[in-house]
Amino acid sequence: MKMILVPALLVLLAALAQPAAAIVHQRTLAVPEVGTLRYGILVPDDYDPRRPRPLVLALHPGEFAPYYGARFMMAIVSPGLDDLHAIIVAPDCPSRDWANPIAERAVMALLQSVLAEYTVDRH
């Protein structure tokens, strides 16, 4: 019985020592001439407004389900960029594709909103 408890206790202690996983927040942004833009944003747990962070914009391939951008970010983008400790923002495509004026306006408005709310390293 002791042999089973020791490894289980070690696993529990290791899990408690790990930093908490970052939470993806699902938000909306009203964009004039576009409408409501749904997006996910991941902010590192250790975010400090006194320390600028990189900003990553994650644009997903052609799926139109609500908050698909957030799911794409968590499954594909975030795991590969953990060491960057970046703020990652992933909008849902507001039109049929990203290469059109509606999507461009929406993405630019979203980036301006994030830049106003968080301390981002612009270099």
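## Close-up views

**View A: Asp48 counts as buried, because its relative accessibility is 17%.** For burial, the cut-offs are under 20% relative accessible area for buried and over 50% for exposed, with partly exposed in between (1.4 Å probe, protein chains only). This is a predicted model, so to speak: local features need pLDDT of at least 70 and side-chain atom pairs count only at pLDDT 80 or more, while totals for chains, interfaces and linings use all residues. Residues are numbered from 1 along each chain as its sequence is written, and side-chain values use heavy atoms, with hydrogens and water left out. Asp48 sits in the loop between β2 and β3 (55–57); helices (H or I, at least four residues) and strands (E, at least two) are DSSP runs, numbered from the N terminus. The side chains of Asp48 and Arg50 make a polar contact of 2.8 Å. A polar contact is a pair of N or O atoms within 3.5 Å; within protein, one must be able to donate a hydrogen and the other to accept it, and residues adjacent in sequence count only if both atoms are side-chain atoms.

**View B: Four strands make an open sheet with mixed pairing, in the order β1-β2-β4-β3.** Here, two strands pair if DSSP finds at least two bridges between them. β1 and β3 are the edge strands, each pairing on one side only. From one strand to the next, the twist averages 25 degrees. β2 and β4 run antiparallel and are joined by 4 bridges, and Gly40 has Ala90 in β4 as its bridge partner. Helix α2 packs on the sheet and touches β1, β2, β3 and β4, with its direction at about 150 degrees to that of β4. α3 also packs on the sheet, touching β1, β2, β3 and β4, and its direction makes about 120 degrees with that of β1. Axes are lines fitted to C-alpha atoms (for helices, over the stretch in contact), and angles run from 0 to 180 degrees between N-to-C directions.

**View C: The largest nonpolar core has 16 residues.** Such a core is a set of buried Ala, Val, Leu, Ile, Met, Phe, Trp, Tyr and Cys residues joined through side-chain atoms within 4.5 Å. Tyr39, Ile41, Ile87, Val89, Leu110, Val114 and Tyr118 touch the most other members. Two or more residues come from each of β1 (24–31), β2 (35–42), β4 (87–91) and α3 (101–117), with α3 giving the most, 6 residues. Apart from this core lies another, of 9 residues, including Leu42, Val56, Met73 and Val77.

**View D: Trp98 sits in the loop between β4 and α3.** Its side chain reaches the backbone oxygen of His60 at 2.8 Å. Not counting residues up to four places away in sequence, Trp98 touches Leu59, His60, Pro91, Asp92, Cys93, Ala103, Glu104 and Val107, where contact means heavy atoms within 4.5 Å. The C-alpha atoms of Trp98 and Gly62 are separated by 8.9 Å, although the two residues are 36 residues apart along the chain.

View E: Most residues other than glycine have a negative phi. Glu33, however, has a positive phi of about 70 degrees, and Tyr67 has one of about 60 degrees. Glu33 is in the loop between β1 and β2 and counts as exposed, at 69% relative accessibility. Tyr67 is in the loop between β3 and α2 and counts as buried, at 16%.
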